[in-house]
Amino acid sequence: MRLSKYFLKTYKEAPKEAEVVSHILMIRAGMIQKLAAGIYNYLPLAQKSIAKIEKIIREELDKRGCQECLMPAVQPGELWQESGRWGYYGPELLRFKDRKNAEYCLGPTHEEVVTDMVRRNLKSYRQLPWNIYQIQTKFRDEVRPRFGLMRGREFVMKDAYSFDVDVDSAIKSYYLMYDAYTAIFKRCGLKFKAVDASTGAIGGELSHEFQVLADSGEDTILSCSKCDYAANVEKAVSDRVLPAADRSCVEEMKEVSTPGQKTIEEISAFLKKPAENFIKTLIFLVDDQPVAVLVPGEQDANEAKIQGALHANSVWPADEETVKRVTGAEVGFAGPVNLKEKIKIVADRQIYSRVNLVCGANKTDCHLTGIDPERDFKADLIADVTFARTGEKCPHCDGVLEQFKGIEVGQVFHLGTKYSTPMKCNFLDKNGKESTAVMGCYGIGVTRTLAAFIEQNHDDKGIIWSPAVAPFEAVVIPLQGNNEKVSATAEKFYSDLREIGVDVAIDDRDERAGFKMNDADLIGFPVQIQVGARSVENGQVEVKVRRTGEKVLIDIDKTVDYVRDLLKTL
């Protein structure tokens, strides 16, 4: 491709709203263009890289027997109502009505659609297993889209769905896809970890995220210092050794006046007691029903663990009106003793290793002291509902948990029959009895993978691509375009490299040599062939490797073979 004819404009500066490296560099390199909040045009450079990532995905999935299809982006609301997710997915689901007043949504994911598609064709166990995938545009109405392609509203995603005859077969399909994802991200040239993960709004019983390690990542990963254990902080557990509560000096429960002291910090200072002496009582709506969650005062409630412990579809902090209704008090004074409404109480297990605690009295401007969890209230469920923390003991060995930042680029889920049961995706088993398909689902954020690669591979000059996902593997740069010998040499390199299958561009723009070389580093061409008048006179050209910055002079007649062989090593 001739850059003089390419749809390309580079910039010295990026817009002020571009905060993370990938957003800055993709705008500066002319890869993306903002259309609306969280919605971007993918310009030719970006689209070439996206196509290369998609090619890797297709090759690895097809190798494992997956079949590609394409499903509509617009989905009937009735399918979501049938699965039970219409009311639970939340505001990220963009809902609308057509001219006949029928409800639809823009697909953020396709579990309902694919289950409907399969149930229309599935009759016998002999047809399974099936693994069906697509690469398609998704839409999630993020409340605060940011960071370019890292957290957009519209994005390209590969989603796959497996259907099996039983759980054992479904777990085999799950780990087959786990292996495929490992191969895909290795081929893309990414440094990543597969970590235990929450299933979130997708649901299911088993999940792993594939996290690209980068300081700019939005996700926090806890990983063992000794073994392979790693998990998203939402799912991470630690081997907490909880001492038995010292019950030799249990106090009486008393009500104390605490005017205006709502937060743990405020009441801790007011009563001159550390946060560890408090029970933080939080009211959540779990599948639309209020639940009181109790955690130690110095820690935060983990919504993903609450959802898992209660096998719920959704968990949201309750609104102020609900809190007042169930506690009888203003927000900030909730506690597990004498709630106005009888609701389910979920207590973190750490609470039971402590006594003489402080909690809200369910009366505005009042707290209770001397709380004994075993004496003063009864929890409906005792579970781990707080976040594991750095330095705590690994649940699998004697190592300790260390913290990393990551960017989620893929996730695999074992769904079980979460969708196939309510949607009646059934078949006749080998005994002629009706059975329900066991499902898995598997997503890769294609455009997010592109952004994550840049977050992990850049320097102060620009992007550093691997040839596997670079828009172009190489660029030929005639440094003096008005010099006939330089121009002719550059054109021959361009022609010869194309002939042997190298994805090459030539920067034949009427620009200064410095401008072209700066753009080559900004865009990140893995190999740069710089054709200058002086070196050509000496029968040589300079070849630069973008990742290392190494430059070597190569004889003109050996350059094409040298570049071909060099690309195999990068």
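Predicted model: local features only at pLDDT ≥ 70, side-chain atom pairs only at ≥ 80, totals over all residues.

Guide: Residues are numbered from 1 along each chain as its sequence is written, and side-chain values use heavy atoms, with hydrogens and water left out.

Visitor: In what order do the five strands of the open sheet lie?

Guide: Strands (E, at least two residues) and helices (H or I, at least four) are DSSP runs numbered from the N terminus. Two strands pair if DSSP finds at least two bridges between them. Here the order is β16-β14-β15-β17-β20, with mixed pairing. At the edges stand β16 (315–317) and β20 (381–383), each pairing on one side only.

Visitor: How many bridges join β14 to β15?

Guide: Eight bridges link β14 (residues 279–286) with β15 (residues 289–296), and the two run antiparallel. Ile-279 has Pro-296 as its bridge partner in β15.

Visitor: Is Cys-359 buried or exposed?

Guide: Buried means under 20% relative accessible area, exposed over 50%, and partly exposed in between (1.4 Å probe, protein chains only). Cys-359, in strand β18 (residues 357–360), has a relative accessible area of 1% and is therefore buried. Contact means heavy atoms within 4.5 Å; beyond its neighbours within four places in sequence, Cys-359 contacts several residues, including Ile-279 and His-367.

Visitor: What of Thr-369: is this residue buried or exposed?

Guide: Thr-369, in strand β19 (residues 366–371), counts as buried because its relative accessibility is 13%.
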